[in-house]
Amino acid sequence: MKNKQGKPCKAVRAGKLKVCPGTDVKQFIMTKVKNLNGTSDRVPSGYESWIHYWKIKTGQKLAGGCAARNCSDMTGTNLEGAHVKKTVEYNDDSWYIVPLCPSCNKRTDEFYVTATLVPVNP
Ligand SMILES: [Zn+2]
């Protein structure tokens, strides 16, 4: 594996990808989504919340804050496991969970998220 400068690197994992350290992985894992408002799905048994579900399924911590691109909430506190759907161009009707801050969880437009999407019904 080689980095941007063409030098060999020791690959690191970024979600499902293997990349050189320092690579901006957000560009690879950006997905355009829409909130599914009015969802009140029961949390699957064995999980405390949808955000807990997301953490367990991805094995990731919420270090980066809200998953919405350009969101200023980088604190990672108060994140909600939001139900989203990919936009029509993905031709995928599944429901997914992503960590969003409370205000992004209320958005009604389409926006990009940079976190791993975890299917609600794997
Ligand atoms: Zn946000």
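# A tour from the loop to the core

Start by selecting Y90: with 12 C-beta neighbours inside 10 Å, this residue counts as exposed. The cut-off for exposed is 12 or fewer. Keep in mind that you are looking at a predicted model.

**Stop 1: around Y90**

Y90 sits in the loop between β4 and β5. How far apart are Y90 and T31 in sequence and in space? They are 59 residues apart along the chain, and 9.1 Å separates them in space, C-alpha to C-alpha.

Next, select N91. N91 lies in the loop between β4 and β5 too. Is N91 buried or exposed? N91 counts as exposed, because 7 C-beta neighbours lie inside 10 Å. Check its backbone angle: phi of N91 is near 55 degrees, a positive value in a residue other than glycine. Most residues other than glycine have a negative phi.

**Stop 2: N70**

Jump to N70. You will find N70 in the loop between α1 and β4. Its phi is positive, near 70 degrees, and N70 is not a glycine. N70 is exposed, with 8 other C-beta atoms within 10 Å.

**Stop 3: the whole chain**

Zoom out and colour by secondary structure. How many helices and strands does the protein chain have? The chain comes to one helix and seven strands. The protein chain has 122 residues, and 23% of them count as buried. Take the contacts between residues at least 6 apart in sequence: 56% of these join residues at least 24 apart.

**Stop 4: the sheet**

Select strands β3, β4, β5, β6 and β7. In which order do these five strands lie in the sheet? The order is β6-β3-β4-β5-β7, in an open sheet with antiparallel pairing. Look at the edges: β6 (110-113) and β7 (118-119) each pair on one side only.

Residues 31-35 form β3, and residues 80-86 form β4. The two strands pair in the antiparallel sense over three bridges. Select V33 to see what faces it across the pair: V33 stands opposite K86 in β4.

Move on to β5, residues 95-100. How many bridges join β4 to β5? Six bridges do, and these strands also run antiparallel. Pick V84 here, which stands opposite Y96 in β5.

**Stop 5: the core**

Finally, go inside. The largest nonpolar core has 21 residues. Select C66, A67, A68, I97, V98, L100 and V113: these have the most contacts inside the core. Which elements give two or more residues to this core? They are α1 (50-58), β4, β5 and β6. β5 gives the most, with four residues.

End the tour on A68. What does A68 touch, leaving out residues up to four places away in sequence? A68 touches L100, C104, F111 and V113. Two of these partners, L100 and V113, are also on the list of core residues with the most contacts.

Key
Residues numbered from 1 in each chain as written. Predicted model: local features only at pLDDT ≥ 70, side-chain atom pairs only at ≥ 80, totals over all residues. Pairing = 2+ DSSP bridges. Buried ≥ 20, exposed ≤ 12 C-beta atoms within 10 Å, placed from the backbone. Contact = placed C-beta atoms within 7 Å. Core = buried A, V, L, I, M, F, W, Y, C linked by C-beta atoms within 7 Å.
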